[in-house]
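Subject: Structure handover and findings

Hello,

Here is the structure for your files. My notes on it follow below.

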Amino acid sequence: MPTLATTVDGLKLPNPFIIASGPPGTNLNVITRAFREGWGAVIAKTVSLDASKVVNVSPRYAKLHAASGEVIGWENIELISDRPFAHWLDEFRRCKDEFPDRVLIASVMEEYRHDAWVEIIQRCEEAGVDGFELNFSCPHGLPERKMGSAMGEDPEILEEVCGWVKTATRKPVWAKMTPNITHIEEPGRAALRGGATGLSAINTIRSVMGVNLDTLRPEPTVEGYSTAGGYSSKAIRPIALRMTMELATMLRAEFPGRTLSGLGGIESGTDAAQFILLGADTVQVCTGVMKFGYGCVKPMCDELFGFMAKHRFETLADFRGKSLPYFTTHADLVKRQADRKAAQKAAEAKPVVASDTEWTGDEFVKQSDALSKG
Ligand SMILES: Cc1cc2nc3c(=O)[nH]c(=O)nc-3n(C[C@H](O)[C@H](O)[C@H](O)COP(=O)(O)O)c2cc1C
C-alpha cells in the first residue's frame, strides 16, 4: 500500500507537506486549522525573545501578476512575529496538548549572543515543541540588527550559532538558508559542521517589486518610501530547485544522513515531487497557502500519490534524490551529444544487412535500398 508517511530526524509526519514559517503559522488559531486540514507538520512564524523591537508596516506585500491575472510572484517586507514571546510559549503548550501526535516546529531568530540563543531554545523546548528551525535568512529589516540573513551570509557565525543551539537541545534543528548568496553550499556546510541536524532552503530572494509610473515611488510604498523585500511564490521555484539540487548533492557527499527540507514556490503535488526527486526529505509551503488556503494540502497529497502510482513508487524514499545523478557538467553534455551523433552516423553508414538472417519485414524496402548503394 503506497504511503506519504515519512520519518525525518525522528519526527513522524503523515505526509511531507509542512506549513513554512510565515503568516500561515502565525498564531494558535491558524496552526490548529493547518493540523485539522491535514498538514504533515507546522513550522510556526519566527519568534524572538523581545517582540517589542519588531514593528511591522502596512502595506507590506506586493504581487506580480501574469497576463492571465494569476499571481506568480509575491514580495513581502514583513518582519518576524510581533507577538509577545510569552503568548507564543502559552500557544505552543496548548497546541501540543491538543495535538500531541502532530509535529510542531518553532522557528527562532535572535541577536548574535550566546545566552539569547540558549534561552530561546530552552524555553521553546520546555513549552513542548518537537524541533527547531533557525531563521538565518530573513532578508529585510532584521539584518539591520545583524539578525536573519546577516548571520546566514556569514559561514563562521552560522557555525558558531548552530553550535550554541546544539548545546541547548537534543531535538532536531534545521538551519534555514538564505538564497541571497552565490554558493549556498558554503553556509550549508557551516551550519552542518556546527551541528544542525538538517537544512531548510530557501527563504525569500531580495527583490524590488516595481516602481509606480504615476508617483515614481517604489512598491510596496509606505509613506512614499519603500525598502527591498523578499520574493516568494511560483516565480522563485526554479531557483529553489537549483539550490535544493546543490544542497542535496553536498549533503550526500559530505554529510550523509543529514536532512533537507525544500521550499520556494511549491503549489502542487507535482511541484513537491520535483523537490523530492532532487533530494528533499520534506517540502514546505508558505505563499501557496496565502493564495489557495489551508485546504490545498488535500489536492497536493492526491497529486503526489498520483505521481507515485504512475511510477509504482511505494514510499517517498523510493524516489528521493532519484534525479540527482542526471546533473553533470556542461563539458560532459557536449561530449555525450558528440558521442551520440557519432554513434548514429556510424549506424547509418553501416550496411543494413550483414547476413541473410538480418532481413526484416518492416525494414525490407530500406534494407534493399541500402544494398543497392553497396
Ligand atoms: C509574508 C511572508 C512572511 C514570511 N515570514 C517568515 C518568517 O517569519 N520566518 C521565516 O523563516 N520565513 C518567512 N517567510 C519565508 C517563507 O517561509 C518561505 O521561505 C518563502 O516565502 C518561500 O516559500 P514560498 O514560495 O512557499 O512562500 C515569509 C514569507 C512570506 C511571503
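Two strands pair if DSSP finds at least two bridges between them. Helices (H or I, at least four residues) and strands (E, at least two) are DSSP runs, numbered from the N terminus. This is a predicted model: local features need pLDDT of at least 70, side-chain atom pairs count only at pLDDT 80 or more, and totals for chains, interfaces and linings use all residues. Residues are numbered from 1 along each chain as its sequence is written.

Overall picture

The protein chain holds twelve helices and 16 strands. Its C-alpha trace spans about 90 × 55 × 40 Å along the principal axes. Of the 374 residues, 41% are buried. Buried means that 20 or more other C-beta atoms lie within 10 Å of the residue's own; exposed means 12 or fewer, and partly exposed is in between, with C-beta atoms placed from the backbone. Among contacts with a separation of 6 or more, 71% join residues 24 or more positions apart. A contact needs C-beta atoms, placed from the backbone, within 7 Å.

Strands of a sheet pair through backbone hydrogen bonds, either parallel or antiparallel. Here, four strands form an open sheet in the order β5-β6-β14-β11, with antiparallel pairing. Its edge strands are β5 (61-65) and β11 (205-207), each pairing on one side only. Neighbouring strands are turned by 35 degrees against each other on average, direction ignored. That angle is taken between axes, which are lines fitted to C-alpha atoms (for helices over the stretch in contact); angles run from 0 to 180 degrees between N-to-C directions. Three bridges join β11 to β14 (residues 229-232). In that pairing, S207 stands opposite G229.

The parallel strands

β8 (residues 131-135) is mostly covered: five of its five residues are buried. G131, E133 and N135 point one way, while F132 and L134 point the other. β8 pairs in the parallel sense with β7 over four bridges. It is also joined to β9 (residues 173-176) by four bridges, again parallel.

β7, α3 and β8 make a right-handed β-α-β unit. Right-handed means that, with the strands pointing away from the viewer, the path from the first strand over the helix to the second runs clockwise.

A106 sits in β7. Is A106 buried or exposed? It is buried, because 28 other C-beta atoms lie within 10 Å. I43 is 63 residues away in sequence, yet 5.8 Å away in space, C-alpha to C-alpha. Leaving out residues up to four places away in sequence, A106 touches A44, V47, F92, C124, V129 and F132.

Helix α2 (residues 85-98) has 14 residues, so at 1.5 Å a residue it should span 20 Å; its end C-alpha atoms are 20 Å apart, which agrees. The expected span is 1.5 Å times one less than the number of residues. W88, F92 and C95 of α2 are buried. They cover an arc of only 70 degrees around the axis, so they lie on the same side of α2. The arc is that of the directions from the helix axis to the C-beta atoms. A86, D97 and E98 are exposed on the other side. The cover over the buried residues of α2 includes α1 (28-37), β7 (103-108) and α3 (114-126).

Helix α7 (residues 237-254) has 18 residues. It reaches 25 Å from first C-alpha to last, close to the expected 26 Å. Its buried residues include L241, M245 and L251. Their cover includes α6 (185-194), β10 (198-201), β15 (259-263) and α8 (269-277).

Backbone points to check

Most residues other than glycine have a negative phi, and most peptide bonds are trans. These places depart from that:

- The S58 to P59 peptide bond is cis, with omega near 0 degrees. P59 is in the loop between β4 (41-43) and β5.
- The A201 to I202 peptide bond is cis, with omega near 20 degrees. I202 is in the loop between β10 and β11.
- D9 has a positive phi, near 50 degrees. It counts as partly exposed, because it has 18 C-beta neighbours inside 10 Å.
- R312 has a positive phi of about 55 degrees. It counts as exposed, because it has 8 C-beta neighbours inside 10 Å.

Best regards

Notes: Contact = placed C-beta atoms within 7 Å.
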